[in-house]
Amino acid sequence: MNGDLRTPLARARGLGSAKAGVHHWWAQRLTAIALIPLVVWFAISLVMMSGAEYEVVRAWIGSPVVMVLLILTIAVGLHHAQLGIQVVIEDYVHSDGFKLALIVVVRFLAVFVGLAAIVAILNVGFGG
Amino acid sequence: MSVANRPVHRPLSPHLQVYKWQLTSVLSILHRATGIALAVGALYLTVWVMFAAATPATYAMFQSFNTSILGRIFLGGWLFCGFYHLCNGIRHLFWDAGYGFELKDAYRSGWTVVAVSLIATAASWIVGLRLV
């Protein structure tokens with residue numbers, strides 16, 4: 001025991017997953033379920049809007065329900081994408097440093113791109 | 001060097017080149033490939049709304065790409081990736097819940113995913129091309 005007066009249980013506490021071990025897995029599934037209706041809606045919208053004029057597209061993006069659904073699609077979609085690409089990086093990149101750097105870059109990029117899209121959507125909806 | 005310290009050269013998996021091609025593995029690889037393609041497609045969606053937030057002239061530039069042959073292939077490809085990843089993702093969720101692991105079921109759900117995603121892609125292309 002080397003003079004350690006703590007019980008084996010006390011020493012083990014806090015060293016395990018602390019019930020957060022499945023967080024990545026769970027977040028990936030939760031975002032997947034949320035994306036089922038969102039992607040169906042977005043695919044239909046994309047087909048309808050891909051050839052539309054500037055004013056038509058802006059009026060569509062700026063309507064309240066579409067704004068909410070578009071922001072949800074891009075935010076949840078990028079979160080799901082980031083989680084998925086992280087797994088691909090973990091599977092195929094074997095150098096620890098490069099792996100960590102790639103995961104950080106992908107996460108930063110996802111947040112940056114998501115914010116850029118959300119600001120653009122709000123700008124169409126609320127900007128003059 | 002003791003046995004415990006000797007570097008271990010365990011076989012790495014998967015050895016894609018020694019496996020026979022089969023539906024289950026092809027669909028699994030396709031799930032990853034389409035997932036990566038969709039992540040790139042999310043950048044395209046962002047560019048789309050950013051151009052819509054810009055001037056009519058800038059949007060017209062983006063729109064002329066969208067309606068070009070290359071743009072159509074891009075959007076059509078995105079739709080296939082979306083429908084495939086969606087259908088196969090639902091298949092994965094059923095596996096997560098503990099259903100469909102029998103070989104027969106895995107093949108049946110696999111072919112269903114192929115059929116549904118191809119039909120949905122074809123339908124969206126037909127509707128999309130009629131609208132443009």
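This is a predicted model: local features need pLDDT of at least 70, side-chain atom pairs count only at pLDDT 80 or more; totals for chains, interfaces and linings use all residues.

Colleague: Nice. How are the rings of Phe42(A) and Trp78(B) arranged?

Modeller: Their centres are 5.5 Å apart and the planes are at 80°, so the pair is edge-to-face.

Colleague: And which helices do Phe42(A) and Trp78(B) lie in?

Modeller: Phe42(A) is in helix H2 of chain A, while Trp78(B) is in helix H3 of chain B, so the pair joins two chains.

Colleague: OK, at what angle do the axes of H2(A) and H3(B) cross?

Modeller: Roughly 145°, and the axes come within 10 Å. The crossing of H2(A) and H3(B) is left-handed.

Colleague: Which residues of H2(A) and H3(B) meet there?

Modeller: From H2(A), the residues include Trp25(A), Arg29(A), Ile33(A), Phe42(A) and Leu46(A). On the H3(B) side they include Leu75(B), Trp78(B), Phe83(B) and Asp96(B). By class, the contact of H2(A) with H3(B) has 15 nonpolar and two charged residues, with no polar ones.

Colleague: What lines the largest cavity?

Modeller: Chain A gives Phe42(A), Leu46(A) and Ser50(A). From chain B come Gly41(B), Tyr44(B), Leu45(B), Trp48(B), Asn66(B), Leu75(B) and Trp78(B). The elements that give two or more residues to this lining are H2 (23-49) of chain A, plus H1 (23-52) and H3 (69-96) of chain B.

Colleague: Which element gives the most to that lining?

Modeller: H1(B), with four residues. By class, the lining of the largest cavity has seven nonpolar, three polar and no charged residues.

Colleague: Staying with H1(B), how does H1(B) pack with H2(B)?

Modeller: H1(B) and H2(B), residues 56-66, pack at an angle of about 140° with their axes 8 Å apart. Tyr44(B), Val47(B), Trp48(B), Phe51(B) and Ala52(B) in H1(B) meet Thr58(B), Tyr59(B), Phe62(B), Phe65(B) and Asn66(B) in H2(B). That contact has eight nonpolar, two polar and no charged residues.

Colleague: Good link. Now pockets: how much space lies in the second largest pocket?

Modeller: About 230 Å³. Its lining has 13 residues, and Ile85(A), Val106(A), Leu109(A), Ala39(B) and Val40(B) lie nearest the centre of the pocket.

Colleague: Which helices supply at least two residues each of that pocket's lining?

Modeller: H4 (64-92) and H5 (96-126) of chain A, together with H1 of chain B. The largest share, five residues, comes from H4(A).

Colleague: And how do the residues of that lining divide by class?

Modeller: The lining of the second largest pocket has twelve nonpolar residues, one polar and no charged.

How values were computed. Residues are numbered from 1 along each chain as its sequence is written. Chains are lettered from A and ligands numbered from 1 in the order in which they are written. Side-chain values use heavy atoms; hydrogens and water are left out. On a 1 Å grid over the protein atoms alone, a cavity is a set of points where a 1.4 Å probe fits but cannot get out, and a pocket is an open set with protein on both sides within 12 Å along at least five of seven lines; lining residues have an atom within 4 Å of a point. Ala, Val, Leu, Ile, Met, Phe, Trp, Tyr, Cys and Pro count as nonpolar, Asp, Glu, Lys and Arg as charged, and the others, Gly among them, as polar. Axes are lines fitted to C-alpha atoms, for helices over the stretch in contact, and angles run from 0 to 180 degrees between N-to-C directions. A crossing is left-handed if the near helix is turned anticlockwise from the far one by less than a right angle, and right-handed if clockwise. Contact means heavy atoms within 4.5 Å. Rings of Phe, Tyr and Trp (its six-membered ring) pair if their centres lie within 6.5 Å; planes under 30 degrees apart count as stacked, over 60 as edge-to-face and the rest as tilted. Grid points are joined across faces, edges and corners, and a volume is the space filled by probe spheres set on the points.
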